[in-house]
Amino acid sequence: PVGPAADGEVEDYRVPIGRPIRATIQLTPLTSPTTVVLNWAAETGASQYNVYSSTTLAGPFPAAWTLEASGIGALTWNEPFQPVLVPRKFYVVVAFP
């Protein structure tokens with residue numbers, strides 16, 4: 001149900017929440033800087049994706065993660081990455097309708 005009911009009460013709303021999906025990671029040859037390329041398959045019902053990153057797996061997702069890009073319509077995303085400065089980085093791709 002959506003919106004007010006006949007008796008004036010407000011009905012519950014259903015808010016779609018993004019869900020993490022599997023992405024493959026490709027690294028260009030390890031020269032400085034290198035490029036991280038994320039590719040993923042289309043998720044049923046998804047029209048856009050957000051990419052998050054973190055240098056650690058500790059901390060709650062997404063609060064402790066950095067939103068790198070939002071509203072991506074493509075199935076790929078990349079960023080320059082300098083492994084000397086940040087030796088390890090984790091990524092999560094989240095699908096949204």
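Which residues are linked in a network of salt bridges? In this predicted model, where local features need pLDDT of at least 70, side-chain atom pairs count only at pLDDT 80 or more, and totals for chains, interfaces and linings use all residues, the network joins Glu 68, Glu 79 and Lys 89. Residues are numbered from 1 along each chain as its sequence is written, and side-chain values use heavy atoms, with hydrogens and water left out.

With a salt bridge taken as a side-chain nitrogen of Lys or Arg within 4 Å of a carboxyl oxygen of Asp or Glu, the count comes to two. In one of them, Lys 89 pairs with Glu 68, with 3.4 Å between the closest N and O atoms; this pair links distant parts of the chain, since Glu 68 belongs to strand β5 (residues 66-72) and Lys 89 to the loop between β6 (76-81) and β7 (90-96), 21 residues apart. Strands (E, at least two residues) are DSSP runs, numbered from the N terminus. The side chain of Lys 89 also meets that of Glu 79 in a salt bridge, at 3.0 Å from N to O. Glu 79 lies in strand β6 and Lys 89 in the loop between β6 and β7, so this pair ties together parts that are ten residues apart in sequence.

Glu 79 counts as buried because its relative accessibility is 10%, whereas Lys 89, at 24%, is partly exposed, as is Glu 68 at 28%.

A nonpolar core is a set of buried Ala, Val, Leu, Ile, Met, Phe, Trp, Tyr and Cys residues joined through side-chain atoms within 4.5 Å. The largest such core holds 13 residues, of which Leu 38, Trp 40, Val 51, Trp 77, Tyr 91 and Val 93 touch the most other members; β3 (34-40), β4 (48-54), β5, β6 and β7 are the elements that give two or more residues to it. Beyond its neighbours within four places in sequence, Trp 77 is in contact (heavy atoms within 4.5 Å) with residues including Leu 38, Trp 40, Val 51, Tyr 91 and Glu 68.

Strands are regarded as paired if DSSP finds at least two bridges between them, and four strands form an open antiparallel sheet in the order β1-β7-β4-β5. Because β1 (19-21) and β5 each have a single partner strand, they stand at the edges, and one side of each is left without a neighbour in the sheet. Within this sheet, seven bridges join the antiparallel strands β4 and β7, and Val 51 stands opposite Val 93 in β7.

Note on methods. Buried < 20%, exposed > 50% of the residue type's maximum accessible area, 1.4 Å probe, protein only.
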